[in-house]
Amino acid sequence: MILTNDAIIKAALSWLSRKNSPNRRLILGIAGIAGSGKSTLAQRFVDALNEAAPASAVMIPMDGFHLPNSDLEARGWKLRKGAHFTYNADAYVELLNHYRSRSAIGSYPIYCRKVHEPVTSPEAVTQSTQVIVTEGQYLLRPDKPWVALADVLDECWWLDVTIEKARRWLMKRDTSVGRSAEEAKAKYLRNDQLNTHYVLAERRNSDRIVSWPEPT
């Protein structure tokens, strides 16, 4: 699927019309390499859902489950922040599974790029929430505990973007939060490039492959 605005709206309306159990919510996962635009797609999808049915959707990003910087420093993992082992994957899977139940309401963490730590989202899962959208690099990893997401997510999409395009977008994002071009390049080479390799080499099949439209 090519992700035009019309296609995103059509897909969102399709999710709202699904006949799911009144006792549980639907959860959509969006996977892809770093810099592919996963959070942008997830937010546009949530916005389309909420435009059609106010307060019907929230986004719970995987990045909200980064281990605290103090833990990463203690384990010698600070420079590898963003690798699959630098997340509390068990807590991530557990929280999503918890919020499958329509009776479960409450908060969830998001990642703050100002303090570079997880913080509590100002949004919440409420009784009105019908769909949860989550996104991250490792939603299709085949090993534990990530593989448990196969039973938690109703669908998981793969956002297909070339490595070079994702690298350019990632460098632009890193410089926008204060890194110099040299710092952003060094970060990519020592960390993001490795993570991209592992994501592409070790992933389960997705339910759908989607991509951004080419500029005209």
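The legends below describe close-up views of a predicted model.

**Figure 1. The largest pocket and the residues at its centre.**
The largest pocket holds about 1,200 Å³ of space. Its lining comprises 50 residues, and those nearest the centre are Ser39, Asp63, Tyr111, Arg113 and Arg173. By residue class, the lining of the largest pocket divides into 18 nonpolar, 17 polar and 15 charged residues.

**Figure 2. Elements that line the largest pocket.**
Two or more lining residues come from each of helix 2 (38-52), strand 2 (57-59), strand 3 (109-112), strand 5 (131-136), helix 6 (163-176) and helix 7 (181-201). Helix 2 gives the most to this lining, with seven residues.

**Figure 3. The largest nonpolar core.**
This core has 52 residues, and Phe45, Ile60 and Leu96 have the most contacts inside it. At least two core residues are supplied by each of helix 1 (5-16), strand 1 (26-31), helix 2, strand 2, helix 4 (89-98), strand 5, helix 5 (149-152) and strand 6 (155-159). The largest share, six residues, comes from helix 2, the element that also gives the most to the lining of the largest pocket. In soluble globular proteins, nonpolar side chains tend to be buried together.

**Figure 4. The surroundings of Phe45.**
Phe45 is one of the residues with the most contacts inside the largest nonpolar core. When residues up to four places away in sequence are not counted, Phe45 touches Ile8, Ala11, Ala12, Trp15, Leu28, Val133 and Trp157. Another core, of five residues, lies apart from the largest one; Ala34, Leu170, Met171 and Tyr188 are among its members.

**Figure 5. The hairpin of strand 3 and strand 4.**
Strand 3 and strand 4 (residues 117-120) run antiparallel and are joined by four bridges. Within this pairing, Ile110 stands opposite Val119 in strand 4. Four residues lie between the strands of the hairpin, in which His116 takes a positive phi near 60°. Strand 3 is also among the elements that give two or more residues to the lining of the largest pocket.

**Figure 6. Thr196, a buried residue of helix 7.**
Thr196 lies in helix 7. Thr196 counts as buried because its relative accessibility is 4%, whereas the cut-off for a buried residue is under 20%. Its contacts, not counting residues up to four places away in sequence, are with Ile33, Ala34, Gln137 and Ile163. Of these, Ala34 is also a member of the five-residue core that lies apart from the largest one.

Technical notes. Residues are numbered from 1 along each chain as its sequence is written. This is a predicted model: local features need pLDDT of at least 70, side-chain atom pairs count only at pLDDT 80 or more; totals for chains, interfaces and linings use all residues. Side-chain values use heavy atoms; hydrogens and water are left out. On a 1 Å grid over the protein atoms alone, a cavity is a set of points where a 1.4 Å probe fits but cannot get out, and a pocket is an open set with protein on both sides within 12 Å along at least five of seven lines; lining residues have an atom within 4 Å of a point. Grid points are joined across faces, edges and corners, and a volume is the space filled by probe spheres set on the points. Ala, Val, Leu, Ile, Met, Phe, Trp, Tyr, Cys and Pro count as nonpolar, Asp, Glu, Lys and Arg as charged, and the others, Gly among them, as polar. A nonpolar core is a set of buried Ala, Val, Leu, Ile, Met, Phe, Trp, Tyr and Cys residues joined through side-chain atoms within 4.5 Å. Buried means under 20% relative accessible area, exposed over 50%, partly exposed in between (1.4 Å probe, protein chains only). Contact means heavy atoms within 4.5 Å. Two strands pair if DSSP finds at least two bridges between them.
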